[in-house]
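Visitor: I would like to learn how to read a model like this one. Could you take me through it feature by feature?

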Amino acid sequence: MNGYTVAVVGTGPDPSNPTVEGFAMGYRHAEAYATDDRCELVACADIVRENAEAFAATFGVPETGVYEDYERMLSEAEPDVVSVCVPPAIHRDVVVDCARSGVVSAVHCEKPMADSLADAREMVRECRECDVQLTFNRQRRFGAPFTEAKRLLDDGRIGDLTRIEIGWGDFYDTGAHTVDLAGMFNDEHPAEWVIAALDYREEDVRFGSHQENQMWAQWRYENGVYGVLSSGEGSDFTDAAFLLRGTEGVVRINVEGGPMLELERGGERSPVDVGTETMHRTGTETDRFGSHYHDRAIAEVFDALEEGREPTLSGRLGLNTAEILFAGYESVRRRGRVDLPFDADDHPFEAMVESGELAPEPSND
Ligand SMILES: NC(=O)c1ccc[n+]([C@@H]2O[C@H](COP(=O)([O-])OP(=O)(O)OC[C@H]3O[C@@H](n4cnc5c(N)ncnc54)[C@H](O)[C@@H]3O)[C@@H](O)[C@H]2O)c1
């Protein structure tokens, strides 16, 4: 038996057809654990028994380790590490139950953290009080386009960072990655305010949450650096996935098609080598469900646990991102700038849809 025992809660259905209605992230976590010889997958839980059984058959989990009820799984299998891959609306419940179980040492939960800032804070607080390491799977932090961009910043290649522009993906779901990466580029400084506007004319639900069609959000970090995100029809405003603007140049992370990473100085652009790595994967994935970036995230879970240090994927750092995302929606609701920290125990965007303040047409898809 390898060192740490691992369990997955929320295995997901068939992993071969990932969509925004079901990505089966549990499979991606499980294959990442299989690459780390410090652990062994011993149990799984899914309210849909067939899902759990199919997952167990794929990864060799013994029949005694297959559960429908995750609380029963915690008390009987007593896993050291739990991956939480259920939909975001129940992240809080599962994470808090893991923290209070008295048997779990680390929880690795999927992003986005939770459906409200209050829930996200509670998860972090409970895990801290129970001395349980809490991480969120922002696996792109380990992708070469992003780590190399950070190295260029740290090496002073664009002088001092002044502005981070994001033109890739949406605000909430992809934003859990892109705004998180912006935090990494800006040395994890929290934001001090956020102001935003959005358009929601056609219904779009992803991973159980409404997702605006277009959004503009601007925020300022405590160190004076600005962040801005333009999604939907206005996303080509940045002409790249990320533009990291500095006093002496620009780092450009492109969407796929050309060089992934470029350094621009004195009006000249030069490509920066990131091998085969893209926004999503290393490019060397064969015969597997997900990206090798997940393997690196899992390795960080165990490295941090063994070294007794804060993981780069920590809940505390995740809160910096959650604050910006919820404050962006809160700014739309208040029609004004939101100064941080702020409190809201709901999801402001979902609340605006529920109240009818935002009334999108049903989707044609
Ligand atoms: N990191 C990434 O790049 C990435 C990509 C896609 C999705 N995600 C995130 O992963 C998470 C999971 O999304 P998904 O699309 O993989 O989900 P999914 O729908 O594919 O799987 C979730 C599973 O949880 C099970 N479940 C629901 N309630 C449960 C409960 N109380 N106990 C046990 N099992 C329960 C469901 O039956 C289902 O099988 C979400 O937070 C999503 O946003 C992350």
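Guide: Keep in mind that this is a predicted model. Let us start with a loop residue. Glu-248 touches Ile-158, Gly-159 and Arg-265, leaving out residues up to four places away in sequence.

Visitor: Where does Glu-248 lie?

Guide: Glu-248 sits in the loop between β13 (242–246) and β14 (250–253). Another pair gives a sense of distance. Glu-248 and Thr-162 are 86 residues apart in sequence, and their C-alpha atoms are 10.0 Å apart in space.

Visitor: Is Glu-248 buried, partly exposed or exposed?

Guide: Read the relative accessible area against two cut-offs: buried is under 20%, exposed is over 50%, and partly exposed is in between. Glu-248 has 45% relative accessibility, so it counts as partly exposed.

Visitor: Which residue shows the buried case?

Guide: Take His-177, with a relative accessible area of 6%. That residue is therefore buried. His-177 belongs to helix α7 (residues 175–185). Its contacts beyond four places in sequence are Lys-111, Asn-137, Arg-138, Gln-139 and Arg-140.

Visitor: Which side chain makes a polar contact with that of His-177?

Guide: The side chain of Arg-140 does, at 3.1 Å.

Visitor: What polar contacts does Arg-121 make?

Guide: The side chains of Arg-121 and Glu-323 are joined by a polar contact of 2.8 Å. A polar atom of the Arg-121 side chain also lies 3.1 Å from the backbone oxygen of Phe-342. Arg-121 itself is in helix α5 (residues 117–129). Among the residues it touches are Leu-319, Pro-341 and Asp-343.

Visitor: Now the backbone. What should I look for?

Guide: Most peptide bonds are trans, and most residues other than glycine have a negative phi. Look for departures from both.

Visitor: Which peptide bonds here are cis?

Guide: Pro-112 is in the loop between β5 (106–109) and α5. Another cis bond joins Leu-340 and Pro-341, with omega about -5°. Pro-341 lies in the loop between β17 (338–339) and α10.

Visitor: Which residue other than glycine has a positive phi near 65°?

Guide: Glu-188 does. It is found in the loop between α7 and β8 (191–199). At 23% relative accessibility, Glu-188 is partly exposed. Arg-335 also has a positive phi, of about 55°, although it is not a glycine. Arg-335 is in the loop between α9 (315–334) and β17. Its relative accessible area is 64%, so Arg-335 is exposed.

Visitor: What about the segment after α10 (348–354)?

Guide: Ser-363 is found there. It is partly exposed, at 29% relative accessibility. Beyond its neighbours within four places in sequence, Ser-363 is in contact with Glu-202 and Glu-203.

Visitor: Step back to the whole protein. How many helices and strands are there?

Guide: The protein has 10 helices and 17 strands. Its radius of gyration is 20 Å, close to the 21 Å that the globule rule gives for 365 residues, so it is as compact as a globular protein of that length. Buried residues make up 57% of the 365 residues.

Technical notes. Residues are numbered from 1 along each chain as its sequence is written. This is a predicted model: local features need pLDDT of at least 70, side-chain atom pairs count only at pLDDT 80 or more; totals for chains, interfaces and linings use all residues. Side-chain values use heavy atoms; hydrogens and water are left out. Helices (H or I, at least four residues) and strands (E, at least two) are DSSP runs, numbered from the N terminus. Buried means under 20% relative accessible area, exposed over 50%, partly exposed in between (1.4 Å probe, protein chains only). A polar contact is a pair of N or O atoms within 3.5 Å; within protein, one must be able to donate a hydrogen and the other to accept it, and residues adjacent in sequence count only if both atoms are side-chain atoms. Contact means heavy atoms within 4.5 Å. The radius of gyration is taken over C-alpha atoms; the globule rule is 2.2 Å times the number of residues to the power 0.38.
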